[in-house]
Amino acid sequence: MWIEIAHFSTLIALVLSIVLLTAPLIGVFWQRPVWVRIGRQASFIICALLTLACAGLIISFLKHDFSVKYVAEHASLKLPIFYLATAMWGGHEGSLLLWAWMLSLFVAIAAWKHWSTHSVSMPWVLSILGGVLLGFLLLVVFLSSPFDRLINPPFDGRDLNPLLQDPGMVFHPPFLYLGYVGFAIPYAFAMAALITSQSDNEWILATRRWTLFSWAMLTIGIVFGAYWAYYELGWGGYWAWDPVENASFMPWLTGLAFLHSVMVQERRRMFKTWNLFLIITTFALSLLGTFLVRSGVLSSVHAFATDPGRGVYILVFMAVLLLLSFGLLTMKSDQLKETPQLESPLSKEFSFLINNLFLVAGACTVLLGTLYPLAVETLSTAKVSVGAPYYNKVFIPIMLGMLLLMGAGPIIPWQRTTLARLRREFLLPIALGAIGIITALLLGVTHPFGVASVGLILFVTSTHLQDLIRNTKARMDKESLGPLVGFIQLIQRNKRRYGGMLVHLGTLTMVAGFVGSGLFQEERNLFLSLGDTLRIGSWSLTLQSVDKTARRNWKADEAVFKAENNGKTILLKPQKRTYSKSDQPTTEAAIHSAWNEDLYVVMGDAVKEGVWSFRIYRTPLVSWVWTGTGIMIVGVFWAMMQGRRLQRKPV
Amino acid sequence: MTHRFFKDKGTNMNGIWKIILLGAVLAILILFALGLNNDPRNIPSPLVNRPATNFTAPALDGGPPVSLEFYRGKWVLVNFWGSWCISCISEHPYLLELANKAKMRKDFVIIGVDFRDTPEAAKAFLARHGNPGYKQAMDPEQKIAIDWGVYGAPESYLVDPMGTIRMKHTGPLFPGWFEMRALPLMEGGER
């Protein structure tokens, strides 16, 4: 019953998305505003209908309706209710429906919020988003319907993939999709600006919050994925440069470039074509991400959601969208007038230009590394994989360059400055950076990237703190305030600037985490029997027992380790789980996480009676990666709270 | 001082950039279109066309140890399986059929390698699904499987009379596999 309601509302939403695509265009060409209004109403109804469709699918899951094929394939009677409610996006069909629903929600919000402020571009925005939505709904309805019934319903379902039964994986896809889908709105505004030849600041101002929001969601999605890989896959790491991880990372990089370069357009009316290029590319890469995951064109650990048949459709859809967008960009770009020019390499504009080149070069290296295996396999019979060694060599140096700019950018003023002034500004940070490098060398950091990172972290932190202290002082002197009030006033009145700086500090925290976990991980592979003790770092671990344990839908062998460190004692319980509906055992790593290091124990197979294999990792600073992400997100939302730049008071 | 370099460059796109941009977009799309035909399951083994690592392992039926070298001079199909492997059940009827074929031919034998398994479970599996009758080597600690780079079960390797691995098949062997895949190699001679 519920599934028919869901199916039917999706069908009506499909028809209405054709209305959303065409009605505003009719309104524009025949000068009939009422048709544009029809498009707007259609967007609201589509959103309501797709909400109903998602609800219907979730309710079918909650009611264990195994006559629905999708439910039978992704749930079982024993699946805990939390995973039952979220199994909706555990497979291909449901994920696409979720995508479409989020897009419809964003379209409705955009149609509501920007209706009166952007009346010229609105018809085009609605129509473009209608086209994207139509593309996805066609896929949902005709090629991957989650609403199909089974003629002979099974008594019990096949259960959700055990790897997906993890909180990290529950939140990873929705946030990722929020990010991907969110970029559709700035993209549509950019295209509308191109079409109507009004490529001035209007679209940039309209979409700033959308872009920030999408970028934040993408960040959360990517980090949830990394967190899941770390907690669930049991290999002691969190990022493998897997093609599908890369696919989400590329729009993140170009989106980040866009966030920076729009500031130049806003302040100095420059980089207009470049910004359009960046946002189109970002959305295109988001689609590419979906294409890579959903088509099976690249094989990876994410292979549980592949289907070449749908791949053809997504490819055609992407081809239409890419060729239209980039074609329009190349045709129309000549009409954009760039009034001011770069005046000096000692300016904020110039540092943003270099920042953008670094980020786009970074995205290109990731794109090359992702596509190269595909090219080799397609053009010859060999199969290659591009892994961490390539990215470490090519990508990390680019990002170190980014860090250097991150330290310099916020301090350099717009338009131009003098060398003497720069020398004054950077004296202290450079000195601190140098001290950092020397300390790192003395502490025994030998890897050049590690040494450089430590120096750069100190350099960037000190430029940011120096700026903060100086501006707080200025405010204190001007309005004779106490230090705390002065500081609070400062960051409240410049939410964009200090939100951005907080994001930078979050990034530094993450970089510290990358250095610690990437360069100083200790790994042991060994066979242990009961009572054996080993030392790793300052920890001493004793295998106390190995027992059987069970929950609703799995049973497991569970080892218990007693870990001691300076009088502190904890118990670690790694498991080897077998889910009742799957014959593949999964590992549940036992992780002790502290601010300075993680202790990570993975249980392997029984080698012989009474002897088991174990892998044990001591990884410094992993938690800094997660903490840094949190700081970044707070920073982004702080920056989002300020709308348009405040008008400067006339003197 | 204003730098001429920046003035001239501007940021409007010029012709070359347009061609590069559209060319790159087209190239990526074409690559994907071609790439859709790739089979992600097809992972070539680096061991193909290399000498097979010999093994001598206890036999499941308690007879003399099974050794690959013993069959030098014949084509050998080495089939990795385990009683814990679900896909091996679907492959099994074809193995029974293929075992009959092998009995008729002088140049072709099959060896099973039962890995990560116990003799009891393996025997129960054969009793339940039918015993093809060829030699089964026991590999409880996966020594042979690791030497041969086995990812999962079932996996099969075709070794030529000179002891070189000539083909790897991942996943269950399908009916007609011998005529379609193995015979062309065998009739093509030994390179």
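Me: Where does A:Asn566 lie?
Reply: A:Asn566 sits in the loop between E4 and strand E5 (568-572) of chain A. Strands (E, at least two residues) and helices (H or I, at least four) are DSSP runs, numbered from the N terminus.

Me: And what am I looking at, and how do the labels work?
Reply: This is a predicted model, in which local features need pLDDT of at least 70 and side-chain atom pairs count only at pLDDT 80 or more, while totals for chains, interfaces and linings use all residues. Residues are numbered from 1 along each chain as its sequence is written, and chains are lettered from A and ligands numbered from 1 in the order in which they are written.

Me: Back to A:Asn566. Buried or exposed?
Reply: A:Asn566 counts as exposed because it has 6 C-beta neighbours inside 10 Å.

Me: What about its phi?
Reply: A:Asn566 is not a glycine, yet its phi is positive, about 50 degrees.

Me: Which loop holds A:His64?
Reply: A:His64 is in the loop between helix H2 (33-62) and helix H3 (69-74) of chain A. Its phi is also positive, near 50 degrees, in a residue other than glycine. A:His64 has 17 other C-beta atoms within 10 Å, so it is partly exposed.

Me: Which strand is A:Ala556 in?
Reply: A:Ala556 lies in strand E4 (residues 554-565) of chain A. It has 22 C-beta neighbours inside 10 Å, so it counts as buried.

Me: What does A:Ala556 touch?
Reply: Setting aside neighbours within four places in sequence, A:Ala556 is in contact with A:Thr549, A:Ala550, A:Gln575, A:Lys576, A:Arg577 and A:Thr578. Contact here asks for C-beta atoms, placed from the backbone, within 7 Å. A:Lys576 is 20 residues away along the chain, and its C-alpha atom is 5.4 Å from that of A:Ala556.

Me: How is chain A divided?
Reply: Chain A has domain 1 (1-161), domain 2 (418-519 + 625-640) and domain 3 (522-620). The bounds come from an automatic or database domain assignment. The C-alpha centres of domain 2 and domain 3 of chain A are 38 Å apart.

Me: Which residues touch the most others in the largest nonpolar core?
Reply: That core has 175 residues, and A:Ala100, A:Leu103, A:Leu133 and A:Ala184 touch the most other members. Helix H9 (residues 202-232) of chain A gives the most to the core, 19 residues. Domain 1 (1-161) and domain 2 (418-519 + 625-640) of chain A both give residues to the core, so it lies between them. A nonpolar core is a set of buried Ala, Val, Leu, Ile, Met, Phe, Trp, Tyr and Cys residues joined through C-beta atoms within 7 Å.

Me: Which strands make the open sheet in chain A?
Reply: The order is E1-E10-E9-E8, 4 strands with antiparallel pairing. Two strands pair if DSSP finds at least two bridges between them. Strand E1 (522-529) and strand E8 (590-593) of chain A stand at the edges with a single partner strand each, so one side of each has no neighbour in the sheet.

Me: How many bridges join E9 and E10 of chain A?
Reply: Strand E9 (residues 597-608) and strand E10 (residues 611-620) of chain A run antiparallel and are joined by 9 bridges. A:Glu597 stands opposite A:Pro620 in E10(A).

Me: Switching to chain B. How many helices and strands?
Reply: Chain B has 6 helices and 7 strands. Buried residues make up 31% of its 191 residues.

Me: How many residues of strand E6 of chain B are buried?
Reply: In strand E6 (residues 155-159) of chain B, 5 of its 5 residues are buried. B:Glu155, B:Tyr157 and B:Val159 are on one side, and B:Ser156 and B:Leu158 on the other. In a regular strand the side chains alternate between the two faces of the sheet.

Me: Which way do E3 and E6 of chain B run, parallel or antiparallel?
Reply: Strand E3 (residues 75-81) of chain B and E6(B) run antiparallel, with 5 bridges. The bridge partner of B:Val76 in E6(B) is B:Val159.

Me: How many residues lie between E6(B) and E7(B)?
Reply: E6(B) and E7(B) form a hairpin with 5 residues between them, and B:Gly163 in the turn has a positive phi of about 90 degrees. E6(B) and strand E7 (residues 165-170) of chain B pair in the antiparallel sense over 5 bridges. B:Tyr157 stands opposite B:Lys168 in E7(B).

Definitions and conventions. A residue is buried if 20 or more other C-beta atoms lie within 10 Å of its own, exposed if 12 or fewer, and partly exposed in between; C-beta atoms are placed from the backbone. Two residues are in contact if their C-beta atoms, placed from the backbone, lie within 7 Å.
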